[in-house]
Each structure stands twice: as C-alpha cells, then as structure tokens.
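These are my notebook entries on one model. I took the residues and spaces one at a time and wrote down what I found.

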Amino acid sequence: MPLNQWEVPPKKLKAHFNANHFSFKTTAELAPLEEIIGQERAVRAMDFGLHMEDRGYNIFVTGVPGTGKNTMVKSMVKRVAETQAVPDDWCYVNNFEDPDHPKAISLDAGKGKIFQRDIDHLITRLKEEFPKAFQSKDREEQEKTIQKEYGQARDSLGEDLETHARELGFAIKSTDTGITIIPLHNGKTMSANKVAALDPQSKSEIQRKELILHEHVHRFVKQTRILREELDQKIETLNQSVAQYTSEHLFETLREKYKSIPRLAEHVLNVQEDVIENFNDFLPAPESPFQIAGLTNGQERASSVPYAVNVLVDNSATKGAPLIEETNPSYNNLVGRIEKKGRFGTFYTDFTLIKSGSILNANGGYLLINAFDLLRAPYSWDALKRIIKKREVKIEDLGETYGLVTTSGIKPEPIPIHLRVILVGNAPLYYLLQTYDEEFTEIFKVKVDFEEQQKKKGETPEQFARYIARLCKKEDLLHFDRTGVAATLEQLSRWANNQKKLSLRFGNLADLIREASYWALKSNVGTVSREFVQKAVSEKINRSNLLEDHIQELIEEGTLMVDVTGSVVGQINGLSVFDLGDFSFGRPSRLTARVFLGQSGIIDIEREAKMGGKTHSKGVLILSGYLGGRYAQETLLSLSASICFEQSYGGVEGDSASVAELLILLSSLSNLPIRQGIAVTGSVNQLGNVQPVGGINEKIEGFFAVCKALGFTSDQGVVIPQENVKHLMLKDEVLEAVSAKKFQIYSVSTVDDAIEIVTGTPAGECQLDGTYPDGTVNSLVLKRLQDMGEKLRALESSHENKPSIITNKANA
C-alpha cells in the first residue's frame with residue numbers, strides 16, 4: 001500500500017498568518033492596546049476579588065511565569081484603587097500614663113504631618129517663650145516677695161530660739177553641719193575644758209538645761225523645714241502659673257484646631273499637663289564644666305521626645321487607595337519594627353523609633369506579594385495570617401515575640417487594618433497550601449488562574465498587533481510592518497505548540513519584540529519585518545544551543561551511533577527532547593530489542609538499571625498488555641525480550657517511545673527489518689492506538705537536522721501520532737524539504753499504520769478464525785510466538801522426563 005496516505009501535506013506542517021489580511025502598514029498606525037489579551041477568566045475572578053467586601057476574600061494568583069500576571073494585577077488594582085477613598089494617616093504618640101505602651105491615633109489623610117509640624121512648632125515656641133517668661137521682672141519680683149516672706153519667718157523663728165537659749169544660759173551658733181549649742185558663764189561662752197572642770201552639780205544643771213534647749217532646736221528645725229517646703233511649693237505654684245499663662249494661648253490654638261478628633265484633643269491636653277509639670281525641661285540647662293565634643297545635649301532630646309509625633313503612615317501624597325508591592329517580605333518589612341540606637345555603650349528605644357511595614361502602608365488598600373518570597377521569609381507567613389484573621393497589626397520586637405530575648409521593650413497599641421492581600425504564585429503552590437494549611441482556604445477564597453495560551457479568534461491578531469504598537473511606543477522601539485507582525489504571531493503559535501492557539505507568555509513576546517527591533521536597527525532599516533523577527537529567534541537559539549551542537553557533532557562523527565539509511569531488524573530511531581529550561585531541542589536515540597526463548601516477558605533494561613522513570617516503565621508494561629491481547633487469545637504468551645535505549649547514560653522518562661519500542665519488538669519477532677531513515681515518536685495504549693506526545697516540533701527538527709547533516713536520501717522522515725498534527729509549527733527549512741520530497745512527516749492513529757510505514761509490510765487484519773493473512777507482520781509475529789511457545793514447551797518436557805542424578809545415585 002502506498003505511504004502517501006499517511007503523509008502530512010506541507011500546508012498542515014505550520015499555521016501561516018497572511019500579512020495582507022492586516023489593514024495597517026505598520027504598528028505605528030495602531031492605537032496602543034489597553035485591555036488584557038486572552039485572560040477573560042482571570043479578569044472576572046480578579047474583578048470579583050477586588051470588589052467583594054466580606055472577610056477572607058483575599059486573592060491568590062496562579063499561572064506560569066511570563067503570562068503578565070503582575071502587570072495585569074497591578075493594572076486592575078490601580079484602576080479600582082483610584083476610585084476609592086484615601087485611607088487615614090496613622091501616628092504614634094507618647095502615653096504619659098504608661099510610656100511603655102504608646103498610643104496609636106488616626107487622622108484624615110495628610111493631617112498626620114500637619115499635626116506633627118504643629119507639635120514641633122509648639123515645642124519650639126515653648127523653648128523660646130519659657131526662658132523669657134521665667135526671666136521676666138514681674139516673675140522675679142514675685143519670687144523675691146516669696147523669698148522675703150520666707151526669710152522673715154525664718155528669722156523670727158531664729159530669734160525665738162536664741163531667746164530661749166539665753167534664758168537657759170546657752171549661745172546658738174549655726175554651721176554647715178547644723179546648729180551648735182555652747183554654754184555661757186557671765187555672758188561668755190565656756191570651752192569644753194571649763195565645762196569639764198565644773199563641779200558635778202553644775203554639770204548636771206547644764207545638761208538638764210541643754211536637753212530642754214535641744215527640744216527647742218528640734219522644734220526650730222521642723223518649723224524651718226515646713227517653711228522651706230511652703231516656700232518651694234509657692235515657687236513651684238508660681239512657676240506653674242507662669243508656665244500655664246505663657247503656654248495657654250499656644251495650647252488653646254491646638255485644642256481648638258483638633259477638637260473634632262477626641263483622641264487628638266485629649267492628647268493635646270495631656271501634653272499641656274506634662275509641659276506645665278516639667279517646665280524645667282524647657283529652660284536652659286546649666287553649663288557643665290565637663291563638655292565632650294560631638295555629643296548632643298541629652299536634656300534637649302529628653303525634652304523633645306515625650307511630645308514628638310511619630311507619623312507612621314503618611315498618605316498625604318496618595319491618590320485613592322494605596323497599592324503596595326512588597327518585594328522583600330521579611331517579618332520586619334511586612335509587620336514593622338522597633339529600632340534601637342546606641343548611646344554610651346548601651347541600646348535604647350522609644351516610640352519615635354517605631355517604623356511601619358508594608359501591611360500598614362497598604363492599610364485601606366491593596367498589598368501585592370510574591371508567594372514564594374513570602375514563604376521563604378521566616379515567620380512572615382504566620383504573621384500575615386494572624387494579621388488577616390485579627391484585622392490588626394501589632395508591631396513587636398521579633399525577639400520578644402518568639403522568646404529569643406528576655407528583655408522587655410515598648411509594646412505599641414495595635415492598629416486596626418482593612419486591606420486586600422494579593423499573593424502571586426503558581427498552581428502547584430496553591431494546591432499545596434490548600435492541602436497542608438487548614439487556614440489557607442479561610443483567608444484566600446479567590447483564585448485567579450492565568451491562561452498560558454489562547455485560541456485564535458477573529459480579533460486576536462489585531463489585539464497582538466496593538467500590543468506590539470504599545471510596547472514599541474512605550475520603549476521607543478522600531479515599529480513592525482505587517483510581515484513582522486505575521487512572523488511574530490507564528491512564533492506565538494510555535495510557543496503554544498498548537499496551530500490554533502497563541503501563547504500568552506508576554507514576557508517572551510516582549511523580549512522577541514525588543515530583540516527584533518535591535519536587529520532591524522542594526523541593519524539601518526526603519527521598520528521590523530519578518531526577516532528580523534526570524535533573525536531574533538535564530539540568534540536567541542544560537543545563544544542557547546551549545547549542547548545541541550555538541551551532540552550533533554557526536555552524531556556526525558559517529559560517536560553517538562545513529563543510522564539514517566538502510567534497514568535493520570529490531571532497531572529504530574526513537575526521538576527524545578532535552579529541556580534546558582530556557583531552551584529545548586530534540587535528538588534521535590537508537591532503540592534496540594532482542595527476543596529469545598523464555599517466559600520472562602519484556603525486560604526494560606532502563607528500568608532494571610534504575611535509569612527509567614515511572615512513566616517510561618508504565619509505557620513498557622503496556623506493551624505486554626498489547627502483545628497478550630493481540631497474540632495470546634488462544635494460547636499462552638511465551639516470550640522473553642529485552643528493550644534498550646542504546647548509549648543512554650542518563651535517566652529516561654516519559655512514554656513517548658512506547659510506539660517505537662513496540663515496533664522493534666514486532667520487528668524482532670517477525671524478522672522484518674525497519675527502515676533506519678524513519679524515526680518514530682508516540683505513545684501507545686493496550687489497544688494499539690497511538691496517542692499524542694509533547695515536544696513534537698523539537699523532535700522532528702532534531703531528526704531532520706541529523707538527516708540533513710548525514711545526507712538526505714529522499715526516503716527519510718518521522719512518524720508521529722495523528723493527534724499531534726495540530727501541534728506542528730515547524731521551521732521553514734523543514735517545510736521546504738517536505739515540499740521538495742527530501743523529507744516526510746507521517747501521521748498514524750494505530751500501531752498497524754506505523755509498522756507498515758517502517759517495514760513496508762502490511763500489518764494484516766485479524767480474520768474470523770483468529771489468524772492473519774500470510775506474509776503480513778501480524779501473521780509472522782503470531783507464527784514466531786507459536787514456534788517459540790512450542791520450543792519452550794518441548795524443552796520443559798525434556799527436562800521433566802530427564803532422570804535426576806541424585807535419584808540415580810539413591811537407587812544405586
């Protein structure tokens with residue numbers, strides 16, 4: 001039967017875009033594309049997640065890299081955020097009753113800095129006004145009056161004490177160490193020696209009177225202390241009244257300005273009370289004789305800090321709701337931190353050193369985080385979940401939170417939050433979290449799944465052309481003409497591995513546009529045509545295909561043995577794909593099979609050597625099912641066979657070689673040689689149907705390159721599954737070779753089709769009596785299996801009838 005019934009015509013080997021169908025000459029004529037291409041499902045899900053107000057409707061975005069996830073998410077969030085209200089500012093202020101627990105205060109957007117400036121201005125004014133007020137003549141006169149009254153009262157007490165002393169015969173002398181009592185004799189003081197020389201009766205009398213005088217002295221000291229306390233209290237009252245009078249108009253202005261914000265008005269009142277109580281902090285400090293250059297005035301800082309305003313979140317420049325993208329989601333960057341500063345060999349902190357994290361900065365808006373980065377950062381995932389569930393941010397020292405340090409620091413008041421968290425990851429990570437984190441589905445209820453490719457529609461080519469126009473205008477690249485756009489769309493189909501679809505990997509597309517523009521600019525032309533798109537593709541491949549070239553050299557020089565001419569029994573060229581991450585390529589691999597007497601079944605050498613993957617091993621096991629179903633309906637299948645990937649020194653995975661493996665088994669059993677110029681790829685099921693495989697373009701082009709290097713013979717080609725025809729997007733040189741009959745692509749749907757192509761012998765259909773037509777592949781295979789079964793049974797029978805040596809010796 002002629003083979004052309006399985007040949008794939010050149011027009012089906014690639015989807016072409018007709019450049020003449022475009023209405024424009026270059027993309028410069030087009031309006032830049034604003035909408036998102038091919039992501040209708042993701043757009044709907046995203047829109048739902050952004051507008052759903054209930055708790056837990058945070059968003060998890062999945063999709064392969066390069067599909068424009070981040071760009072689309074930020075674009076959609078930005079459009080929604082611009083229509084929403086700007087959230088409040090948040091400040092931390094001193095808690096005068098409990099300084100270890102600073103208070104959090106919210107203000108309308110932009111008013112945080114204004115309040116901070118008002119307080120700073122207030123403190124500055126107080127530092128200017130207080131010294132003037134306390135050095136005023138009126139205040140000095142009042143203090144002198146109080147001091148005079150105190151002096152008069154003290155002098156009166158001193159006179160009374162001296163009177164009592166004289167009456168008792170003593171003199172009073174005040175010293176730095178206290179009050180000294182000296183006995184008198186005839187109005188003159190007596191020395192200690194004279195007192196000692198007195199008779200006992202006189203001494204006893206002096207001691208009696210001295211005790212009485214001591215009581216008067218004690219009473220004098222007590223009354224003097226009371227007078228001093230009254231003096232200090234009066235001066236303190238005077239000073240506070242001066243401070244009150246001096247600062248009242250300043251605080252009155254602030255109270256009036258912020259009376260509509262109760263917590264703020266209360267804080268202003270607390271500040272005023274503390275200022276009046278600690279007015280000395282605003283007076284010039286006495287100069288110390290021990291001044292060290294470079295050190296700041298500690299009192300000046302101490303007087304400023306308690307009244308400072310720490311503007312934690314400032315939305316004065318925010319338009320609408322904030323969108324914050326956290327690129328390094330460490331615990332401190334997410335939640336916030338309490339900084340410490342060193343001074344005199346130790347560390348200190350206060351509420352002015354509290355810093356916000358991205359969660360607070362996004363409060364009232366949207367927070368965008370890469371899920372992988374988040375999960376790699378210690379403590380961040382648990383912290384984010386806790387904040388989402390409790391709806392508040394508690395900024396704490398990480399060491400204290402997890403018991404890593406024993407010292408206790410400040411504990412700021414928690415701040416309530418309302419925001420939408422958007423995580424960007426991929427599907428495997430989404431399902432892992434869904435499976436192993438029971439809280440995940442409660443707080444991330446919206447999944448936004450990005451498509452990797454899109455079906456071609458009538459308006460799709462025009463949309464991609466407008467995307468090219470947008471990127472060219474945005475980055476000042478050369479615009480594309482119609483042929484350049486057509487070539488770009490063909491490359492998108494190639495990336496999608498489907499003639500009816502286009503890849504949505506916009507990262508790769510953007511790189512292709514930039515590189516094509518570069519090569520066109522280097523050639524001094526004004527627009528990018530097909531030639532430069534193809535140049536960009538080929539140059540990118542050339543930068544990545546060093547390994548492919550080395551393998552090609554090994555094949556050409558015969559180190560890797562591949563035959564593309566002649567026919568061999570039990571040998572075929574299978575096709576495999578090497579995936580290097582950013583580049584993949586195909587190459588032929590020699591597969592061989594040997595059959596022999598036995599009942600071991602099919603031995604997969606790759607599996608026995610532990611070099612075969614699970615899918616490959618499954619494919620080999622399917623072969624046994626096929627052989628048993630076709631050739632062992634009336635008798636036992638007696639077969640031992642081995643299959644091997646020759647010169648395979650790494651792992652083998654996948655079932656795309658199972659058709660080739662079955663063909664070499666049938667060839668070995670039928671003794672029919674296989675054409676070495678035909679390579680085969682495809683998966684087979686137990687019914688003998690050929691199933692589609694991946695990497696079809698790379699596989700064909702890999703074998704084509706070998707045939708081209710070793711020389712075309714006009715009877716070379718590749719057998720592929722029928723279902724893979726729609727995936728063909730082959731290079732132009734392959735199409736040209738097929739058109740010139742130098743190379744052929746055959747598509748098959750069953751193993752019978754494939755065996756006829758590679759051997760030139762019909763497979764043969766099963767007849768009513770269970771046999772196959774003479775001379776067909778199936779007839780030869782069945783006959784060989786029957787012969788092998790008979791020989792095996794004869795051998796087993798002869799072994800059973802042969803006397804045992806041990807038995808003969810026993811009889812002897």
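**Entry 1: S356.** I began with the contacts of S356. Leaving out residues up to four places away in sequence, S356 touches L312, V313, G336, R337 and N361, where contact means heavy atoms within 4.5 Å. The model is predicted, so I noted the limits: local features need pLDDT of at least 70, side-chain atom pairs count only at pLDDT 80 or more, and totals for chains, interfaces and linings use all residues. Residues are numbered from 1 along each chain as its sequence is written, and side-chain values use heavy atoms, with hydrogens and water left out.

I placed S356 in strand β12, residues 354-356. Helices (H or I, at least four residues) and strands (E, at least two) are DSSP runs, numbered from the N terminus. Is S356 buried or exposed? S356 counts as buried because its relative accessibility is 18%; buried means under 20% relative accessible area, exposed over 50%, and partly exposed in between, with a 1.4 Å probe and protein chains only.

I then looked up its polar contacts. A polar contact is a pair of N or O atoms within 3.5 Å; within protein, one must be able to donate a hydrogen and the other to accept it, and residues adjacent in sequence count only if both atoms are side-chain atoms. The S356 side chain reaches the backbone oxygen of L312 at 3.2 Å. The side chains of S356 and N361 are joined by a polar contact of 3.1 Å.

**Entry 2: S747.** I found S747 in strand β30. S747 counts as buried, because its relative accessibility is 8%. Its side chain has a polar contact of 2.8 Å with the side chain of Q722. Leaving aside neighbours within four places in sequence, S747 is in contact with W6, V8, I720, P721, Q722 and V725.

**Entry 3: the largest nonpolar core.** I used this rule: a nonpolar core is a set of buried Ala, Val, Leu, Ile, Met, Phe, Trp, Tyr and Cys residues joined through side-chain atoms within 4.5 Å. The largest core has 46 residues, and L627, L663, L665 and V680 touch the most other members. The elements that each supply at least two of its residues include α22 (614-631), α23 (658-670), β30 (743-748) and α26 (751-759). α23 gives the largest share of this core, 8 residues. Apart from this core lies another, of 45 residues, among them I235, L238, V242 and I261.

I also listed the partners of L627. Setting aside neighbours within four places in sequence, L627 is in contact with I602, A632, L637, L639, L662, L665 and L666.

**Entry 4: cavities.** On a 1 Å grid over the protein atoms alone, a cavity is a set of points where a 1.4 Å probe fits but cannot get out; a pocket is an open set with protein on both sides within 12 Å along at least five of seven lines; and lining residues have an atom within 4 Å of a point. Grid points are joined across faces, edges and corners, and a volume is the space filled by probe spheres set on the points. I got 2 cavities of 30 Å³ or more.

The largest cavity holds about 40 Å³ of space. K103, I105, R263, E266, H267 and N270 line it. β3 (103-107) and α7 (262-277) each give two or more residues to this lining, and α7 gives the most, with 4.

The second largest cavity holds about 30 Å³. Its lining consists of L560, M561, V562, R587, S589, R590, E646 and Q647.

**Entry 5: the second largest pocket.** I noted a volume of about 590 Å³. Its lining has 22 residues, of which T71, M72, Y467, R470 and K474 lie nearest the centre. α2 (69-81), α16 (460-474) and α18 (506-522) each supply at least two lining residues.

**Entry 6: G458.** I found G458 in the loop between β18 (453-455) and α16. G458 is exposed, at 75% relative accessible area.
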